[in-house]
Amino acid sequence: MSRPTDLVQGTLDLLILKTLALEPMHGWAIAQRIQQLSNEVLQVQQGSLYPALHRLEQQAWIRAEWGESDNNRRAKYYSLTRAGRRQLEHETDSWERLSGAISAIVRA
Amino acid sequence: MRWLDILRMRLRSLFQRDSVERELDEELRFHLDLQVQQNIAAGMQPAEAGSAALRQFGHPTQRQEECRDARRTRMIEDFFEDLRYALRGLRRDRFLAFAATATLAISIGANTTVFSMADSILIRPLPYPGADRVDWISERSGPVQEDIATAQDYYRIREQNRIFEEVAAFLPSTANRTGVAQPEQLDVASVSASFFRAMASEPLMGRYLAREEEGTKAPPVAVLSYAFWRNRLGSDPHILGKAIALDRRPYAVVGVMPQGFDFPRGAQIWMPLQMDEASERPIRANTMFRIVEIVARRRQRVTAQQADTEMQRLTFAIRADYPKVFASRGFRSDLSIAATPLQQHLTGQLRPALMMLSGAVGLVLLIACVNLANLLLARAGSRQRELAVRLALGSGRGRVIRQVLTESLVLALPCGLAGIAIAWIAVRALNAFKPSVLIAYPAIAMDPRVLVFTAALTFATAILFGMAPALSAARISIQEVLKAAGQTHSMGRSAARVRKLLVVAELGVSLVLLIGAGLLARSFLALAHTEIGFSTDHLLTFRTSQVGSTSFEGRARFYRNVLDEVKQIPLARSAALVSYMPFQDTFDRSGRVQVVGHEPIPFLQRPRADNTLVSAEFFQTLKVPLRSGRVFDARDSDQSAAAVVVNEAFASQILPGEDPLGRSIVFGPDRDRNTPWTIIGVVGNIRDGALGSPIRPEMYRCICQGLPFFGGWFVIRTAGDPRAAIRAVEARVRNFDRDQSIFDVKTMDERRDEALAPQRFQLLLIGIFAGIAILLATAGVYGVMSYLVARRTREIGIRVAMGARPADVLAMVMGESALLVVAAIISGLGGAWALTRYVRSMLFGVTELDASTFVLAPVALAMVVMVACLGPARRAVRVDPMTALREE
C-alpha cells in the first residue's frame with residue numbers, strides 16, 4: 001500500500017463540510033470518516049484538522065455543540081449551518097470544475 | 001444571519017476567553033484520548049500508545065496556538081496584552097512618560113491655537129459671496145504714503161476701469177441715535193448705491209439702496225445691521241418702512257442685512273452717500289476734495305496680474321488729470337492706485353505678528369519632536385536587550401514591531417488628546433477674554449486641519465523613534481546583543497552621537513526663540529518707556545459730536561459750550577479740546593510750511609509739519625512743558641494776530657539755529673493771500689502718533705482765534721480718579737442737550753496701555769513659546785547627560801579607582817555638556833542671525849542683531865543647561881568604584 005496522499009491545499013475544508021453534511025460529529029470522527037470514505041487514500045493531518053474546524057466555525061459555516069459521545073464523555077459535535085450548506089455546494093461546484101479541467105488535461 | 005453568528009463568535013472569543021480556552025483544551029484532550037485508545041486497541045503498550053498519539057497529533061500547545069489564530073481576534077488580544085505591558089513599562093519610566101506627554105500635549109495645543117488664530121484671521125475667507133474677488137482700492141500720494149482716495153478718483157475708476165463689475169465708495173462715520181431714552185453714538189457708513197452689489201450680499205429682509213437714493217437729493221433711508229436690528233429693535237419683523245431717528249432726522253428703514261455682514265467693521269447702519277456728482281466730479285483748484293474709501297468687485301476670472309496692469313493704466317490715466325489744474329503745485333502728481341484683496345487689507349496689521357508667532361510656534365513643535373525622539377531613543381537603549389531576548393524565545397519579528405508600535409501609541413494617544421484639550425481651552429479663552437489686539441477680528445475657530453497636521457506630525461515622531469529599537473532589533477543578530485550581556489546600554493556610540501546631535505539641535509532652536517523673545521522684550525521696554533512728553537495720569541478723555549451738525553460757527557459754538565459745561569464739574573481741574581488724540585493712528589494731518597523771510601521753496605519741497613487745533617487750556621491741561629515764549633491765553637482771539645505754538649522738533653528741523661519766537665510761517669497750499677502765522681511759543685515734543693513713530697514737527701493753533709473745528713476730543717485733568725468724573729461729564733453734556741451722548745470715554749493711561757497692547761500680546765506669546773522651548777531643551781539635556789553618565793559608570797569607576805578626584809570627574813561631565821552647549825550656541829546664533837531680520841518691522845529701539853541680546857541669551861541658555869547637568873554630574877561624582885565595577 002502506498003503512503004496516504006497529503007491533502008491538496010484548501011480541499012480539507014471541502015472534505016470537512018461534505019463529511020458533516022451527513023450528520024453532526026466530533027473532530028476525531030471526522031478524521032476517521034474521511035479516511036474511511038476515501039478508502040484509506042486520504043489521511044487527514046491530525047494537526048491541521050482542529051485549526052480548520054475552528055476556522056470554519058469562525059466563518060459560521062459549521063456550528064459546535066457539546067454532546068455525549070459513545071463512551072459517555074463530553075465531546076464537541078460539529079454540524080453544518082445553512083450558510084455552510086451553501087458553501088458546500090459552492091465548493092463542490094468549483095472542485096468539480098477544477099478536477100474536471102485537470103483530468104481533461106491529464107487524459108489528453 | 002451569518003454575520004450575526006460571526007459577530008457572536010468573535011465577541012465570545014474576546015470576552016469569554018477563559019471558557020473558550022477551556023473548551024479548546026477539552027476538545028484536544030478528547031481527541032488524544034481516543035487516539036490513545038485506538039493505539040492500545042491496535043496492540044501498543046499504554047505508555048507507547050500515549051507518545052505515539054502525541055507524535056501523530058503534534059505539539060498540543062502549537063495546535064492550540066493555531067486554533068487561536070483561527071479565531072481571527074488574535075490582533076486584538078495581542079493588542080491588549082501589549083497595552084498592559086506598555087502601561088506597566090511606562091509606570092516604571094514615569095519621567096519619560098510625563099516629559100513625553102507634556103511635550104506632545106503642549107506642542108499640539110500651542111500649534112493648533114496659533115495656526116487656528118492665523119487661519120481665522122488671515123486665511124479664512126470673509127463671509128461674503130466671492131469675497132476673494134473684492135478688492136480694496138487704495139490711492140497713495142505724498143511722502144507719507146497715506147491711503148487716501150478722493151471722490152474725484154472714485155468716479156474716474158468707476159468709469160474707466162475694464163476689470164471691475166462694481167465699484168463702490170463708502171465713508172465710515174458716526175451718528176447719534178436720538179429720540180430714545182438712552183441716546184447713543186452709532187457707527188454708520190455712508191455708501192454708494194453700488195456698495196452692497198460690490199459686496200454681493202443680499203439683505204436678510206427688505207432691499208438695499210437703489211441707484212436713485214444716491215446723491216445729495218437722496219431720501220433719508222437706512223439699511224440696518226443684523227446686530228442692531230436684533231439688539232436695539234428687538235428683531236422687529238415689521239421694521240421695514242418704519243423710521244429711526246439719527247441726529248434728529250427720521251430715516252426710513254428699507255432693509256436689514258444678514259448676520260455676519262460686517263463691513264466696514266462695526267457698522268450698525270448703512271445710509272446713502274450724499275455725494276453730488278455734478279459738483280464733486282470735476283477736479284478744481286478751489287473745491288474741497290472729499291475723501292472716500294473704495295471697494296470693487298473684480299469680474300470673474302480676472303487674474304491678479306491683469307488687475308495689477310489695469311491699476312497701473314488707471315494710475316497713469318487719472319494722475320494725468322491733476323497737473324492740468326495744479327500745474328505749479330504738483331498736487332497728486334505722485335498718485336498711485338493699487339488694488340489689494342479686501343481680506344489682506346483688513347488683516348494687514350496683524351499679518352507680520354501672526355506670521356512671526358506661527359514661525360515661533362513651529363520652532364516649538366520642532367523642538368518638541370526632537371525632544372520626543374530623544375526620550376524615545378533613551379528608552380530604546382535599554383530596550384534593545386529585552387527585545388533580543390524576546391526574539392530568542394521565539395517571538396516573531398512582526399510581533400515585536402507590533403508590540404513597540406503599541407507602546408508608542410500608548411505614549412502618543414493621551415498626549416494627542418491632552419493637546420486637543422489644550423488647544424480647545426486656549427481658543428475658547430482667547431475668544432472669551434479677547435485681547436484688545438484681536439477685538440477687531442472675527443472669532444477664532446479651531447482649525448481641524450491644523451489639529452490633524454500637528455497631531456499627525458507628533459504621532460509620526462513618536463512612532464518613528466519609538467520603532468527605532470524594534471527596527472534595529474529586527475536587523476541585529478540576537479547573539480551579538482546577548483553576548484554583550486554585561487553592557488546594559490548596548491546601543492553604543494552611534495546612538496549616543498545621534499542623541500547628542502538631537503540635543504544640540506534642540507538647544508540651538510531654543511536659542512533662536514530666546515533671542516527672538518529677547519529682542520521683542522527689549523523693544524517692548526523701549527516702547528513702554530518712550531518719552532511721551534506729557535503726564536498721562538489723572539486725564540479723562542472723551543468725544544461727543546453735535547447732533548445734527550450744522551455750520552462751522554454752530555459747531556464751534558457747540559464745542560465751546562460743552563467745554564464750558566465740563567469745566568464746571570467739581571472734579572475737573574482744567575479741561576481742553578484737541579483735534580487729534582495722542583496714541584491714535586489716523587490720517588495724515590500734515591501740511592507744507594514756508595517760513596516768511598526765508599528763500600521761497602517750491603511747494604513740493606517744503607518741509608511738512610503736523611497741524612493740530614487746540615483750545616487755549618490744552619498745554620496746561622496735559623502739562624506739556626513750555627520751552628520758550630508763551631502759550632495761548634486770553635490775548636488770543638479772532639481779533640488778534642494769527643498766533644501759532646510749535647514743538648521743539650519744529651524749531652530744530654524747520655528753523656535750525658534761529659530763534660523761532662516772532663518768526664512767521666505760511667501754511668498749506670499757496671493762495672493769493674496766505675495768512676502768516678506768528679510763532680509765539682515753543683513747547684516740548686509730544687509723542688502723539690503710534691508709540692513707535694518718530695517725532696515730527698508740529699504746530700498748534702488755537703480755536704480761540706475762530707478757526708473752524710471739525711471735531712475732536714475733550715481732555716479733563718481731574719482731581720483724583722478720572723473715571724469718577726465720567727458720570728458728571730455725562731450729566732453735564734446731557735444737560736446741555738438731552739439727545740447728546742458721549743463716547744470713546746477712556747482715561748489717558750488706558751489709551752497708553754492700549755497703544756502697547758499689540759506688542760504686549762506678541763511678547764507674551766513669544767515669551768511663553770521661548771519658555772516652553774527652554775524647558776523642553778533642558779529636559780532633553782538632562783536626559784542625555786543622565787544617559788551618558790549612566791553609560792560611563794564603569795569607566796568612571798575605573799578612573800576613580802585609578803585615583804581620579806571628584807573634581808576630575810565633575811570636569812569630565814561638565815566638559816562634555818559644555819561641548820554640547822558651545823555647539824548649540826554656535827548653531828543657534830547662526831540661526832538667529834539668519835532669522836531675526838524677519839522680525840525687524842516689529843522691533844523698536846533695538847536692531848535685529850542687538851549685541852546685548854545676542855550675548856545675554858546664550859549666557860542664559862548656558863546657565864540653564866549647566867544647572868540641568870548638575871544632577872547627572874553629582875551622580876557621576878558619587879560613583880563608588882567598587883559598586884560600579886561589581887555591577888557588570
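This is a predicted model: local features need pLDDT of at least 70, side-chain atom pairs count only at pLDDT 80 or more; totals for chains, interfaces and linings use all residues.

Reader: Which residues in α25(B) are buried?

Author: A residue counts as buried if 20 or more other C-beta atoms lie within 10 Å of its own. An α-helix has 3.6 residues a turn, so residues three or four places apart point the same way. In α25(B), the buried ones are V809(B), V813(B), E816(B), S817(B), L820(B), V821(B), A824(B), I825(B), G828(B) and A832(B).

Reader: α25(B) packs with α23(B). What word describes how these two helices sit relative to each other?

Author: Helix α23 covers residues 748-791 of chain B and helix α25 covers residues 806-835, and their axes are 11 Å apart. The angle between them is about 140 degrees. Over 145 would count as roughly antiparallel, and 65 to 115 as roughly perpendicular. The pair is therefore oblique.

Reader: And who makes that contact? How many of its residues are nonpolar, polar and charged?

Author: The crossing of α23(B) past α25(B) is right-handed. From α23(B) come V781(B), M785(B), L788(B) and V789(B), while α25(B) brings V813(B), E816(B), S817(B) and L820(B). Sorted by class, they come to 6 nonpolar, 1 polar and 1 charged.

Reader: Now over to chain A. What is the hand of the crossing between α2(A) and α3(A)?

Author: These two helices pack at about 120 degrees, with their axes 10 Å apart, and they are therefore oblique to each other. As α2(A) passes α3(A), the crossing is right-handed.

Reader: How many charged residues are in the contact of α2(A) with α3(A)?

Author: On the α2(A) side there are G27(A), I30(A) and A31(A), and they meet Q46(A), L49(A), Y50(A) and L53(A) of α3(A). By class, the contact has 5 nonpolar residues and 2 polar ones, and the charged count is none.

Reader: Which element gives the most to the side of chain A that touches chain B?

Author: Between the chains, 16 residues of chain A are in contact with 20 of chain B. Elements giving two or more residues on the chain A side are α2, α3 and β3 of chain A. That side divides into 6 nonpolar, 5 polar and 5 charged residues. With 8 residues, the top contributor is α3(A).

Reader: Is D25(B) buried or exposed?

Author: D25(B) is found in helix α2 of chain B. D25(B) has 12 of them, so the answer is exposed.

Reader: What about R301(B), is it buried or exposed?

Author: R301(B) is in the loop between β11 and α11 of chain B. Its phi is positive, about 65 degrees, although it is not a glycine. It has 7 C-beta neighbours inside 10 Å, so R301(B) counts as exposed.

Reader: One last thing: what is omega for the cis peptide bond between F263(B) and P264(B)?

Author: P264(B) lies in the loop between β9 and β10 of chain B. The peptide bond joining F263(B) to P264(B) is cis, with omega about -10 degrees.

Conventions
Residues are numbered from 1 along each chain as its sequence is written. Chains are lettered from A and ligands numbered from 1 in the order in which they are written. Axes are lines fitted to C-alpha atoms, for helices over the stretch in contact, and angles run from 0 to 180 degrees between N-to-C directions. Helices (H or I, at least four residues) and strands (E, at least two) are DSSP runs, numbered from the N terminus. Angles under 35 degrees count as roughly parallel, over 145 as roughly antiparallel, 65 to 115 as roughly perpendicular and the rest as oblique. A crossing is left-handed if the near helix is turned anticlockwise from the far one by less than a right angle, and right-handed if clockwise. Two residues are in contact if their C-beta atoms, placed from the backbone, lie within 7 Å. Ala, Val, Leu, Ile, Met, Phe, Trp, Tyr, Cys and Pro count as nonpolar, Asp, Glu, Lys and Arg as charged, and the others, Gly among them, as polar.
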